[in-house]
Amino acid sequence: MTAVEPHPLLQPVRDPSGGDAAAAWAAIVREEPRYPRVSVAANVRIPMSDGTVLRAYVFRPADASGRAVEGAFPTVLNLTPYNKLLIKGIDTILETPVLGRAIRAFSSAFDLTGTRFDGITELTRVVAGGAADLLSVNRHLVRSGYVQMIVDVRGTGSSSGTWDVLGRREQLDSLEVIEWARRRQWCNGRIGMAGISYSAINALQAAAKQPAGLDAVFAVEGSVDIVREIFATGGATSAFIPLWLAAVNGLKWAPAIGGIDPLAWLRDRARSPATNLLDLAKGFVAGGDPRIYDNEYYDTIDAVIEDIAAPTFLYGCWHDIFGGSAPDIYNRLPLERGYKQLLVGDGYHGNPGIGFGEPGFPPRLDVLERAWFDKWLRDVDNGIENYGPVTLRQQGGNWTAHGRFPAPQAQPRRLYLSAAASGTAPHAVADGSLTGLPSAESDVLTVRPSLRAVVSRDTTQVLAGVTAVLGGGFTYDNRFAEGGAVTFTTAPADADTVLSGPMNLHVRVVCHAPEAMWAVMVCDVSPSGRSIVLSNGALLASRRAVDDERSLFAQNGDYTRPYHPLTEAALLPVPVGRPIELDIDILTTEAVIASGHRLRVSVFATDTPRFIPILPDLVRTRLRRQDIDIDPDDPSYLVVPVLGEPGW
């Protein structure tokens, strides 16, 4: 992983490293803090209005004896379902004098980039990038004059009640915790919310309610449309949801230690021993849970981003489980640039911030968090509002910083699917071409269900990066997976070309069963033939209805981002043996297709475990063949936002 000069096609150029201002932020984090130690209060009782009691760790600045110092400080709040005891355990390990320093040093120095094991480095560099301090306890922040709270959401960890997964009651809890904190003698009334994943979603939900005192948000890998991003993308579920629910339900049974009533705690756990897992099984196996479709349940979960008024810093990554949520949130925030910031890396849910702090890269996440809260919670004039405001790692390219995303100069254009062989994918089921003009010849290309996509970057994406350690097909070489796909590949690019924004595959297909799963990977193909997944999308044929009012269009009327309702009422019958047209939305991204490289669209009939139809839908597919119908009178094409002149 190297950083090079920003791509000249994206102007104006800003410094993605933050320049002298960022060097000053990093210096503050390196210097000895004002307070020598941290005071830890465990299982602090926070009563809710319905009688439920949440439990929290409260970390306060302390003197040399470990006693909390007097005074009121800004407070950073993190609400989590992952059991604060586990999170505190991470902190304990990192603070162990010898072991903690060794882990941090190893994370900074260990690098297998350029080897067949480069995927291991994708995970080992997380600590060095500052993410561990966000996930656990940012002790430098506390010792610099902040209070940090880590709170178990209801029904998890040491908190009483039943887990209400991101629901209305849990959202009300967040507001009540904020108000509770503001009334403590150690809080000056100014609150920031920070966290990764679930905690980031929780922070965005709270910010949308505009509670008094919530003055800043630092959200890492949050979500804005959870049903489309991960729960039922294109109508298909994923392996992540059951694995995640099982993990959180397991963690909530971890013994709660000290300061609680163990019988009451056990009684609450027994009321909901495996929250949502039975409903999930009903939905996956029998279609018996209405949440397999988009419905009002998700309306209560997804934050109303347009209502957020607090300055908000967003971090996401192109292959996050939540896909392009961070850019979507950024573009919907009704804040001036600078009051909102967007930082997007080329990684996975489980490795935020890899490489951060190295020359040419953004500052470490803990450095950015400190600068953000210093600005908005302590009124420090540190220039963080001038960073970015849009800082991106271009796939296949470099870090760049500019004013907007997608790049406003990127123009959507059609690349047509053709059955003419590109000569670049003999390993595929069929090797077609992507061209600037419609095919003059009719043809039918057939794809069948296959498990080859298990070995793909899509699997690493849905498993939060875990399989990156295996390298190869799980990270930067998609050729094995493409053995189960029909591929369409361009000619070599005449010049470096930037793709910036969402894509759409408009494709004419014939299904040979009452249902069909269509999955798409968009790839960068190097002159060596190696194919790297840049983005993906999927659609069940029965979910092909499009809501034009919520879709995005090119000037010529092509969909650039079709919005599929995914409701039960929007289901459409799938005619067997007759052509239908699909518009498959593909996750937003920014990538450089270097001169001599090619762009490829790979079309699959299955993409497990990233996209898994519920069992009734899978049965309806009958695992039959699926045809791509190349018709000159009704062409299929990829709508792709292009900046540059690749000659396609």
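Student: Ground rules before we start?
Tutor: The model is predicted, so local features need pLDDT of at least 70, side-chain atom pairs count only at pLDDT 80 or more, and totals for chains, interfaces and linings use all residues. Residues are numbered from 1 along each chain as its sequence is written, and side-chain values use heavy atoms, with hydrogens and water left out.

Student: Helices, then. At what angle do α10 and α12 cross?
Tutor: Roughly 165°, with the axes of α10 (residues 240–251) and α12 (residues 277–286) coming within 10 Å. Helices are DSSP runs of H or I, at least four residues, and strands are runs of E, at least two, numbered from the N terminus. Axes are lines fitted to C-alpha atoms, for helices over the stretch in contact, and angles run from 0 to 180 degrees between N-to-C directions.

Student: Are α10 and α12 roughly parallel or antiparallel?
Tutor: Roughly antiparallel. That label is for angles over 145 degrees; under 35 is roughly parallel, 65 to 115 roughly perpendicular, and the rest oblique.

Student: Which residues of α10 and α12 make the contact?
Tutor: I241, P242, L245, A246 and N249 of α10, with L277, L280 and F284 of α12. Contact means heavy atoms within 4.5 Å.

Student: New topic. Where is H512?
Tutor: H512 sits in the loop between β15 (497–511) and β16 (517–525).

Student: Is H512 buried or exposed?
Tutor: H512 counts as buried, because its relative accessibility is 17%. Buried means under 20% relative accessible area, exposed over 50%, and partly exposed in between (1.4 Å probe, protein chains only).

Student: What does N478 contact beyond four places in sequence?
Tutor: S456, R457, M521, C523, S531 and V533.

Student: Last one. How far apart are A128 and I329?
Tutor: 27 Å in space, C-alpha to C-alpha, and 201 residues in sequence. A128 lies in the loop between α4 (118–124) and α5 (131–135).
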